[in-house]
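Have a look at the model first, and then I'll walk you through a sheet and a pocket.

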Amino acid sequence: MSSNRHLLVTSAARKIPLLRAAISAARKLSPDMQVLAGDLDPDAPAQYVADGFWVMPRTDDTALDALIAGCRERGIGFVLPTRDGELLFWARHKARFAGEGIAVLVSPEESVTRCLDKLAFARFGQSGGLPFIPAFEGLEDAGPAPYAVKERFGAGSRAIGLNLDAASAQEHAKGLTAPIFQPFIEGMEISVDAWIDRNHKMKGLVLRRRDRVVDGESQVTTTFRDAAIEDAARTALEALQLCGPVVMQILIDRASQPHIIECNSRFGGASTAGIAAGLDSLYWSLAEAAGKDVVALPFARISGEVRQVRLPADTHFILPA
């Protein structure tokens, strides 16, 4: 491998569609660019799809020097973090990696922190007059029932209680570590795949319905257009001072009004649908980090829509006799 020209996808696990999209983006930037899958698990299935595999140290501050050395040894010039739990590490040390010639494709630390903390996220949106669903530490501040109750930190779909009366909300909160209370809004939840440049200006976004959701991710998702929702998402995402590929969750109520739930400052589990619709987010991230003028690169959204269905698939390798 040549010096500092290859891409590392961290926490690769079994994120095969993401890896294949990353390989396509890397080859588009440079035919010689390799994509390495990184993971703590030596048996991670991603190793069978990537160009190389690295059993990485855990992403904490004590392993910083080892991670930098490992990247340099493998000729890694770009790092794409893919798990919420590691984003702060990479954001905090982004400048240190840059000093070693390694571009980490992650939003600024302050922006990542805000998106990981659902209470801070909600307060930020409310203070800016944005259509974020308000959140409170105490039920008494959340207005009349019904309520949604969730963990302040961590994946939004885990341990969430929906459409609860006051007594049920209090009871549900007892089982959470740091509960927050929100008004329950009935409607359709959608995802917004977007790409934002390093100056926090959006290049493009794609809306998609979450037709079937399994473990918090869209198993079936369909893109669509709505100018008003797109404008609301664009304003919110640029205000959050994010960059690179992100995915936002929005609830659309019966009056077709958007209510922003949360934002993940990373490539989403089903964000390959956005790429299929023309949002070339991984390529744009690599191109920007490589010094190309991304403003000149087109956002060529397809004229139709995309329905993405995620299915298990077998991969076969012919072994020598």
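**Domains, a sheet and a pocket**

So, the chain splits into three domains: domain 1 covers 6–106, domain 2 covers 134–183 and domain 3 covers 186–309. Keep in mind that this is a predicted model. The centres of domain 1 and domain 2, taken over C-alpha atoms, are 36 Å apart.

Let's go to the sheet. What is its strand order? Reading across, we have β13-β12-β9-β10-β11-β14, an open sheet of 6 strands with antiparallel pairing. The edges belong to β13 (258–264) and β14 (307–309); each has a single partner strand, so one side of each has no neighbour in the sheet. On average, neighbouring strands here are turned by 30 degrees against each other, ignoring direction.

Now zoom in on β9, residues 187–196. Is this strand mostly buried or exposed? Well, 7 of its 10 residues are buried, with buried meaning under 20% relative accessible area, so β9 is largely enclosed by the rest of the structure.

Who are its partners? On one pairing, β9 runs antiparallel to β12 (residues 244–253), with 10 bridges joining the two. Within that pairing, Gly-187 sits opposite Asp-253, and Ser-191 sits opposite Gln-249. The other pairing is with β10 (residues 202–214), again antiparallel, through 7 bridges. Ser-191 turns up here too, this time opposite Arg-208. The hairpin of β9 and β10 has 5 residues between the strands, and His-200 in that hairpin takes a positive phi near 65 degrees.

Okay, on to the second largest pocket. How much space lies in it? About 310 Å³. There are 22 lining residues, and the ones nearest the pocket centre are Lys-94, Val-104, Leu-105, Arg-198 and Ala-289.

The largest share, 3 residues, comes from α10.

Conventions:
Residues are numbered from 1 along each chain as its sequence is written. This is a predicted model: local features need pLDDT of at least 70, side-chain atom pairs count only at pLDDT 80 or more; totals for chains, interfaces and linings use all residues. Side-chain values use heavy atoms; hydrogens and water are left out. Buried means under 20% relative accessible area, exposed over 50%, partly exposed in between (1.4 Å probe, protein chains only). Helices (H or I, at least four residues) and strands (E, at least two) are DSSP runs, numbered from the N terminus. Two strands pair if DSSP finds at least two bridges between them. Domain bounds come from an automatic or database domain assignment. On a 1 Å grid over the protein atoms alone, a cavity is a set of points where a 1.4 Å probe fits but cannot get out, and a pocket is an open set with protein on both sides within 12 Å along at least five of seven lines; lining residues have an atom within 4 Å of a point. Grid points are joined across faces, edges and corners, and a volume is the space filled by probe spheres set on the points. Axes are lines fitted to C-alpha atoms, for helices over the stretch in contact, and angles run from 0 to 180 degrees between N-to-C directions.
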